[in-house]
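Biologist: I have the sequence and the model open on my screen. Please walk me through the main points, one question at a time.

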Amino acid sequence: PTLRHVRVAGRDEACDAAVLVGPATARYALAGQAGAAVRFTRGGFRVEADDEGRTAHPATFAAGSVTGRRGEAGALQGTRAGRLAAGARP
């Protein structure tokens with residue numbers, strides 16, 4: 001069926017796709033397939049993204065542990081990335 005919205009923190013948010021991440025490799029592999037740069041570090045593979053979640057591809061955003069940011073830094077990046085991604089259309 002067609003996805004039109006998701007409920008986040010008690011609010012409906014419009015969306016047209018949802019990605020569920022299973023094994024750790026899917027986290028960076030999917031972003032890489034969508035045009036993001038992926039690099040290997042001592043901690044494993046990481047998706048390269050700026051503080052606002054932008055990647056090498058203009059319509060691909062990444063945030064949180066997949067970029068190596070955790071905790072408050074990852075949450076803040078996720079908030080920024082979500083807002084930007086909501087307005088991004090290829």
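**Salt bridges**

Biologist: D51 forms a salt bridge; which residue is its partner?

Modeller: A word on the source: this is a predicted model, where local features need pLDDT of at least 70, side-chain atom pairs count only at pLDDT 80 or more, and totals for chains, interfaces and linings use all residues. Residues are numbered from 1 along each chain as its sequence is written, and side-chain values use heavy atoms, with hydrogens and water left out. A salt bridge needs a side-chain nitrogen of Lys or Arg within 4 Å of a carboxyl oxygen of Asp or Glu. With its closest N and O atoms 3.1 Å apart, the partner of D51 is R69.

Biologist: How many residues separate D51 and R69, and where do they sit?

Modeller: Our helices (H or I, at least four residues) and strands (E, at least two) are DSSP runs, numbered from the N terminus. D51 and R69 each lie in the loop between β4 (44–47) and α2 (71–87). The salt bridge between D51 and R69 links distant parts of the chain, and the separation is 18 residues.

Biologist: Is R69 buried or exposed, or something in between?

Modeller: Buried means under 20% relative accessible area, exposed over 50%, and partly exposed in between (1.4 Å probe, protein chains only). R69 has a relative accessible area of 22%, so R69 falls in the middle class. D51, at 48%, is placed there too. The class for R69 is partly exposed.

Biologist: Which residues join E52 in its salt-bridge network?

Modeller: The side chains of R54 and E52 meet in a salt bridge at 2.4 Å, N to O. R54 is partly exposed at 39%, and E52 is partly exposed at 30%. Through salt bridges that share partners, the residues joined with E52 are D50 and R54.

Biologist: How are the rings of Y28 and F45 arranged?

Modeller: Rings of Phe, Tyr and Trp (its six-membered ring) pair if their centres lie within 6.5 Å; planes under 30 degrees apart count as stacked, over 60 as edge-to-face and the rest as tilted. By this rule the protein has 2 aromatic pairs. The ring centres of Y28 and F45 are 4.5 Å apart and the planes are at 25 degrees, so the arrangement is stacked.

Biologist: Where in the chain is Y28, and where is F45?

Modeller: The pair of Y28 and F45 links distant parts of the chain, 17 residues apart. Y28 belongs to helix α1 (residues 24–33), and F45 to strand β4.

Biologist: What about F40 and F45: how are their rings arranged?

Modeller: F40 sits in strand β3 (residues 38–41) and is exposed at 60%, while F45 is partly exposed at 36%. Y28, F40 and F45 form one aromatic cluster. The centres of F40 and F45 are 5.0 Å apart with planes at 65 degrees, so the arrangement is edge-to-face.

Biologist: Which residues make the nonpolar surface patch of about 290 Å²?

Modeller: Patches are made of residues with over 30% relative accessible area and no salt bridge: like charges are joined within 9 Å, nonpolar side chains (Val, Leu, Ile, Met, Phe, Trp, Tyr) within 5 Å. Areas come from the Shrake-Rupley method with a 1.4 Å probe, and for residues only the protein chains shown count as cover. The patch is made by V38, F40 and F45.

**Core and overall layout**

Biologist: Which residues make up the largest nonpolar core?

Modeller: A nonpolar core is a set of buried Ala, Val, Leu, Ile, Met, Phe, Trp, Tyr and Cys residues joined through side-chain atoms within 4.5 Å. A contact means heavy atoms within 4.5 Å, and beyond its neighbours within four places in sequence, A36 touches A31, V47, T55, A56, H57 and T60. The largest core has 6 residues: A31, A36, V47, A49, A62 and V66.

Biologist: And what pattern does the protein follow along the sequence?

Modeller: The secondary structure comes to 2 helices and 4 strands. Buried residues make up 19% of the 90 residues. Read along the sequence, the pattern is β-β-α-β-β-α.
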